[in-house]
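Here is a short walk through a structure, taken from fold to interface. Please keep the sequence and the coordinates in view.

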Amino acid sequence: MPRNWLAATGNSPPVADALRQALAIAGKDLAIEWRTKTALVSSLAFAILVLAVLFFARDPTAVSALDIAPGALWVTFTFAAMIGLNRAFLLERENRAMDGILLAPVPPGAVFFGKLAANLVFVGTVELVSLPLFVLFYDVGLERGLLPLLGVTAMATLAFVAIGTLLSSMVVRTRFAELMLPLLLLPFLVPPVVGAVQVTARILAERPLSEVAGWLKLLAAFDIAFVTASTLLFRATLEE
Amino acid sequence: MPPAEPVLRARDVVRRFGHRRVLAGVSFSLAPGEALLLVGPNGAGKTTLLRVLAGLLRAHGGAVERRGSVGLVAHHSMLYDALTARENLQFFARLHGADSTRRADELLDRMGLSAWADERVAAFSRGMTQRLAIARALLHEPAILLLDEPLTGLDDRSSEQVLDVLAELKRRGRALLIASHQLAELMSVVTAVGFLIQGTLRAVEPLGGRDAAQLAGRYRELTARG
Amino acid sequence: MTRDRAQALARRGSLLTAAALLGLAGVYVRALVFTPIERFQGPAQKIFYVHAPAAWSALLAFAVTGLLSVLYLWLRDRRLDLVAAASAEVGLAFSVVMLTTGPIWAKPIWGTWWTWDARLTSTLFIFLLFVGYQVLRGAMVDPDVRARYSAVIGILGLVLVPFIHLTVYLFRTLHPDPVVMKPGSPSLPGEMLVTLLVSLGVFTLLYLGFLAQRYALGVLRDLQDEEASRALS
């Protein structure tokens, strides 16, 4: 292996080291984002805009807010997420800081998990702030549905953030990263987003979740398949 | 004194970009306490060679043998502008599994940057950034230090500070490889010279007490051979 | 591969394509003249003999790209990347055929150009993924990086396909297709089945012919780059 692949530093097992490194990378990413807050503020503003626009982009006498609510929520979540995803690798290109990371004995999996964790916190924050606004704008009742909604949100978000993290590591090298990421990511959004919308619709209509067991299984399988695939394929996107 | 065991060795290293051979068979060895100056025109492959030696790029042909870890100081600082000097060093120290706070402060002190430990790198001058970059490269106490144009853009005082650090590293038995066209300033530190022309090392020889002008002449001589 | 061998491959590819196109003309004749008209859908159903095999060829093309992407990341042979990319491009062409014949078929039968039918929808998204594949390839200068990144997309696409099908299937069980349409039904009466199978064979040959030509073109371009870079150094 070409790089300085020390499997362990000190006496701790390699996995613990890798985990610590991943957390260090995630922490560093979040610290940097917190300093400038640019991507976070942009994503939040975008989310609010999309929620509002979609609310008005219908004939209110023909289409109830509840009908479009699930779709509106998920379009908001995914598009706001895409704004923030390129941030993760753009900041590494600035002074070629990624080279500094790769010069250290950090396995590619640890780099991926660090980036993924930071992206999840980022997107999760945007989602958690958008959710009360969603409830407010669309006048939906979430007394009993909050926990299931958070659950399905977590599942679908993990899916597209994992794939988005992998794709952004590639597109940041191109000139049109902002265009390329949505173009490449959207086909992958179909299974998790369609599933999430179906489940969200059931939750908002206060119908039993057993009706959407198939979709939930799809989401779970998709998560497993693509988090695994993204982790394994990430190594191929690093310069060598 | 018998020659020490080389701590870095390149054997016929080849590196392509598409079909173009950027490095076409580079061989040399570097022993502890040696400082090899790599001379060559822009586009000769100096930066690529350093990246291959550091392990950032794979050699497409040949091999690189290392007996010890490598530190790299490149054209880009590999630092985060939004973080402070100390935060940068702590982060990279953590990646190496070192005791981050202690190590960071040690190196800040050694590079004369303690006063700016809590300043963001964005506010640093070129000289300070370069010193911090060297600090980052030294975090894991590498046996080999590779430097790509370390003195470019530095004022005299910063240059002196960097040269002092390099001299001390050499005294302590580290192996140094410096790619640079600033021959005159580096004469005090360098022990050997290699001429990288069109992807191959045309010659690797001890400095032999020559000065910058003589080295430039040697370079012209080697290029004329074609 | 040398220039001569690449050109020979291109020639053989064009011969194969020409033969397949002749076969395609034969399929048209057979489908239009010698195959009975379907009872419920009328003559419009005959476009099925082009629509279904095109879908098959597209699927084959993308599967080949996916598999070769895996092999490329394992073996790092540049030729694997060239074949994968050639196959992806050919797949795009067949997808376009499938996606245009679909609406042409749907319009006379249901009065609407686009039906969110399972197969059309799946093909649409996979088509868009491979458009992204081409765009990404176009944006990369370094051929080694381009090959690696293409392989990543190819493999992700391979993993995605079953999920797209599952998604559309689940969606469809909520909103079923009109009863009449059963495009892939194996229970076709004799004559129609024969026409379909012949068409499938012809389309497969067409795929192979196009693939050979496109791959040869890729090799020739690569050789050209090699000569150009040698001239520079």
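How many helices and how many strands does chain A have? In this predicted model, chain A has nine helices and zero strands. Read along the sequence, the pattern is α-α-α-α-α-α-α-α-α.

Next come the dimensions and the packing. The C-alpha trace of chain A spans about 65 × 35 × 30 Å along its principal axes. Of the 240 residues in chain A, 55% count as buried. Now take the contacts in chain A with a separation of 6 or more. Residues 24 or more positions apart account for 80% of them.

Turn now to chain B and chain C. Which chain gives six residues to their contact, and which gives eight? Chain B supplies six residues and chain C supplies eight. Together the two chains bury about 670 Å² between them. Carbon and sulfur atoms carry 57% of that area. On the chain B side, F17(B), G18(B) and H19(B) lose the most area to chain C. Together these residues make up 68% of what that side buries.

What about polar interactions? Between chain B and chain C there are zero salt bridges. Two residue pairs are in polar contact, both at pLDDT 80 or more. By class, the side of chain B that touches chain C has one nonpolar, three polar and two charged residues.

Conventions. Residues numbered from 1 in each chain as written. Chains lettered and ligands numbered in written order. Predicted model: local features only at pLDDT ≥ 70, side-chain atom pairs only at ≥ 80, totals over all residues. Heavy atoms only, no water. Contact = heavy atoms within 4.5 Å. Buried area = accessible area lost by both parts, 1.4 Å probe. Salt bridge = Lys/Arg side-chain N within 4 Å of Asp/Glu carboxyl O. Polar contact = N/O pair within 3.5 Å; in protein donor to acceptor, adjacent residues only side chain to side chain. Nonpolar A, V, L, I, M, F, W, Y, C, P; charged D, E, K, R; others polar. Helix = DSSP H or I, 4+ residues; strand = E, 2+ residues; numbered from the N terminus. Buried < 20%, exposed > 50% of the residue type's maximum accessible area, 1.4 Å probe, protein only.
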